[in-house]
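Take a moment with the sequence and the model before reading on.

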Amino acid sequence: MTDTLRRQWARVRSGALVIACSDGRLQEATDAFLADELGLTEYDRLYMPGGGGALAASGRDFLRAQQLRRECHYLVELHHVDRVLLLFHGPSTDGPADATCADYRRKLSGASAAVIRARQVRDASELMERRDEWAGPAAVSAYWCEVGPTLRITFRAMEPG
Ligand SMILES: [Zn+2]
C-alpha cells in the first residue's frame with residue numbers, strides 16, 4: 001500500500017469493532033490477520049489491557065469490566081457497529097510463558113499459563129452468552145491469538161461453550 005492510500009480517509013465506517021489487548025507486539029500481526037483472513041481494514045478499535053478479557057471480571061475486576069462493557073455498548077450504538085470481534089492472546093501450549101497476557105497475569109496472580117488460558121476460554125464463553133448486554137444487536141465472535149515456540153503468531157476462532 002502506498003503512503004497516499006494509507007492517508008486516505010474513508011467516509012464509510014467498516015461496521016466492525018475489534019476489541020484487543022494494548023500489547024503492541026501483537027498489533028501488526030493482528031492487522032495482517034484481520035485484513036488477510038477476514039477482509040477487515042479500518043475497523044473500529046477498543047484496545048486496552050486484556051483485550052476481550054477486559055470485559056470480563058475474571059472473578060476480580062467487577063467495576064472495571066462493567067465500565068468497559070458499557071463503553072463497548074456505547075461505541076456499538078455510536079458507530080452503528082454490526083460486528084464485534086473479541087481477541088484474547090497468550091502462548092500456545094508449547095509457546096513461551098512470557099507471551100501470557102500481562103493483564104491476565106495480574107488478575108490471576110501466580111497462575112500458570114495453562115490456568116490463565118482456561119480462564120480466557122471461560123471468559124470468552126461467558127461474554128458470548130451475555131453479548132446482548134454489551135454488544136446490543138451486533139454479531140460477536142471471539143479469536144485466540146497465540147505465540148508459538150518459534151515466536152510465530154497465529155490466530156484462530158475460539159469455539160463457543
Ligand atoms: Zn495482553
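Predicted model: local features only at pLDDT ≥ 70, side-chain atom pairs only at ≥ 80, totals over all residues.

Residues are numbered from 1 along each chain as its sequence is written.

Start with the parts list. The protein chain has 6 helices and 5 strands. Helices (H or I, at least four residues) and strands (E, at least two) are DSSP runs, numbered from the N terminus. Along the sequence, the pattern reads α-β-α-β-α-β-α-α-α-β-β.

Now the overall size. The C-alpha trace of the protein chain spans about 45 × 35 × 25 Å along its principal axes. With 161 residues, a compact globule would have a radius of gyration near 15 Å, and the protein chain agrees with its 16 Å. That radius is taken over C-alpha atoms, and the globule rule is 2.2 Å times the number of residues to the power 0.38.

How much of the protein chain is buried? Of its 161 residues, 35% count as buried. A residue is buried if 20 or more other C-beta atoms lie within 10 Å of its own, exposed if 12 or fewer, and partly exposed in between; C-beta atoms are placed from the backbone. Contacts tell another part of the story. Two residues are in contact if their C-beta atoms, placed from the backbone, lie within 7 Å. Among contacts between residues at least 6 apart in sequence, 74% join residues at least 24 apart.

Next comes the sheet. Its 5 strands form an open sheet in the order S2-S1-S3-S4-S5, with mixed pairing. The edge strands are S2 (44-47) and S5 (153-157), and each pairs on one side only. From one strand to the next, the twist averages 25 degrees. Here axes are lines fitted to C-alpha atoms, for helices over the stretch in contact, and angles run from 0 to 180 degrees between N-to-C directions. Two strands pair if DSSP finds at least two bridges between them.

Look at strand S1 (residues 16-20). On one side, S1 and S2 pair in the parallel sense over 4 bridges. Leu17 stands opposite Asp44 in S2, and Ala20 stands opposite Tyr47. Strand S1 also runs parallel to strand S3 (residues 83-91), joined by 4 bridges. There, Leu17 faces Val84 and Ile19 faces Leu86. Strand S3 pairs in turn with S4, in the parallel sense over 9 bridges.

How does the chain get from S1 to S2? S1, helix H2 (residues 27-38) and S2 make a right-handed β-α-β unit. Right-handed means that, with the strands pointing away from the viewer, the path from the first strand over the helix to the second runs clockwise.

Why is S1 largely enclosed by the rest of the structure? Because 5 of the 5 residues of S1 are buried. Ala16, Val18 and Ala20 point one way from S1, while Leu17 and Ile19 point the other way. S3 is also largely enclosed, because 8 of its 9 residues are buried.

Some of these residues return in the core. A nonpolar core is a set of buried Ala, Val, Leu, Ile, Met, Phe, Trp, Tyr and Cys residues joined through C-beta atoms within 7 Å. The largest one has 36 residues, of which Ile19, Leu55, Val84, Leu86 and Leu87 touch the most other members. Elements that give two or more residues to this core include S1, S3 and helix H5 (113-129). Not counting residues up to four places away in sequence, Leu86 touches Ile19, Gly52, Ala124, Leu127, Val140 and Ala142.

Finish at a loop. Pro137 lies between H6 and S4. Pro137 counts as exposed because it has 11 C-beta neighbours inside 10 Å. Pro137 and His73 are 64 residues apart in sequence, and 9.7 Å apart in space, C-alpha to C-alpha.
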